[in-house]
Amino acid sequence: MILIWGPSDDPPVERTVSILRARGIDLVHVDESVLATLRYDVTLGATPTGWIETSDRKVRVDELTGIYVRPGELLPGPARTASTALLGIASCAPAIVVNRPSAGRSNWSKPFQLRLIAAAGFTVPDTLVTTDPAAAHAFLAEHKRVVYKSVSGVRSIVATLSADTDRLHAVGTGPVQFQRWIDGGDVRVHVVGDRWFATAIDSVVDDYRYASRDGADVAMAAMEIPNELGKRLVGLTQRMGLLVSGIDLRVTENNEWFCFEVNPSPGFTFYEDATGQPIAEAIADLLARGLPNV
Amino acid sequence: MIVVIGSRHDSVAAALIDAWPDAALCSAEDLTQPGWVWRPDSPLSPRWVINSEVVDDKDITGVFVRRSAVYPEEFLSTHPDDRSYLAAEAHAFLIFVLAATRAVVVNPVADGALGEEAIRPERWIPAAGEAGLSVSPLRLTSRRRRPRQLHPIVVEVVGDEAFGSAPVRSTAAALRMARQLDLLWATVVFDGRHRLLTITSARPPGTEAVGALGRLLAAPLRA
């Protein structure tokens, strides 16, 4: 039995559910709309026991062999306490869990996660986190062109600064992360278990995710990356306690690879739709791995 | 210098600062003041802002964490629309600083979380199993339940020391759990059947624990 927890209108959730259903795999889908009425009685211990019940299914926790966790916004009231029970199951169940909740927390703090990435042996850009305008000025003067981005996991638009020094006084109102600009091509690699899917991204804007906002195009294509790099990215994902990740990289003209971020809950359909890479199929394979006779 | 990470409205934090020599509060407001400079791999000492003053990281011996999060409500002078974002940014920055400082941090960041978030049941339940301790079942249910009658046994742990009037068996188990979780300070609670009930760092430390924490946090750093 596979448990899927996430909103029905979330493309990665919707696609994973569709593929599993098409394969005839038994699953229970807990959509955000049913959280407030979810019934459950779960005891957490070395192995969790008990049950959860939606309007039409009652499932024993020890039946769960795979769990896909991609919840939406945290809801108040009974939905919040039901979320706590589901998080407890996802944390402790002896199942294939994509991904364990605690494993995703490093993404709450980008500079903290960057330390983990560097400790795993990847090259990361020179980084400054500061509220000091003078330090920001000095960093910009040293590198000539820098990127600034949020410190937290709250999504922000990545932008560059080159000579626009008038704006740096604003860092005095809250921490800002600056990074040396790396000239090169963006590559997103999705790791699923021990497989990887690399996508080359071509765009003229600083943050390709928001290219349409600026009226720019984004071209994406499946690409091959060196086998040794792919294995290292699988290792990085595992080191962070994850089974699935979306890793942002940039490769320079000199074939130097920089690693920026590991996303523990990637919206992979954006890339899958553009490249045809079977990422959702791979996630379904992974989730089904714990089922008998699969 | 000892830094207490907490809220200006936290009376426990204020009492600890009074109890420890050369201790000061680093508040949510400080996290958004000009002066912080953190650049990994730089030969220059990183800089904090503590009680509105800029302090070099090398001058800080210990950090005591009295919060699990930075809250939007702590930024009343910020426009309400921006408070949640600023709180998330300050929280993320604090996690990075606590993970990167050369000072002793009580308790260290774990799994990208701090304070009580770093000692969640999903972390201590498996650790208890590895340490050979039985765990009092933690039941989560949508059904109404009568509250359990508890007869808790409480042990305070600071480094390698334990405080309280608990039996030796409980004291040894508490020290083992703290080591297993890399905790330098914790209150470990057992039920009447000697099963682990919970671990927390939020409970105010007792007098003996305050003294031990002060010694631990003020000790000179090894080169």
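Among contacts in chain A between residues at least 6 apart in sequence, what percentage join residues at least 24 apart? The share is 65%, where a contact means that the C-beta atoms of two residues, placed from the backbone, lie within 7 Å. The model is predicted, so local features need pLDDT of at least 70 and side-chain atom pairs count only at pLDDT 80 or more, whereas totals for chains, interfaces and linings use all residues. Residues are numbered from 1 along each chain as its sequence is written, and chains are lettered from A and ligands numbered from 1 in the order in which they are written.

**Overall form**

**Domains**
- The assignment, which is automatic or from a database, divides chain A into domain 1 (2-98), domain 2 (104-122 + 183-276) and domain 3 (127-180).
- Between the C-alpha centres of domain 1 and domain 3 of chain A there are 40 Å.

**Strands**
- Chain A has seven helices and 16 strands, these being DSSP runs numbered from the N terminus (helices H or I, at least four residues; strands E, at least two).
- Strand 12 (residues 185-192) and strand 15 (residues 244-251) of chain A run antiparallel and are joined by eight bridges, pairing being defined by at least two DSSP bridges.
- Strand 15 of chain A also pairs with strand 16 (residues 257-263) in the antiparallel sense over six bridges, and A:N255, in their hairpin, takes a positive phi near 65°.
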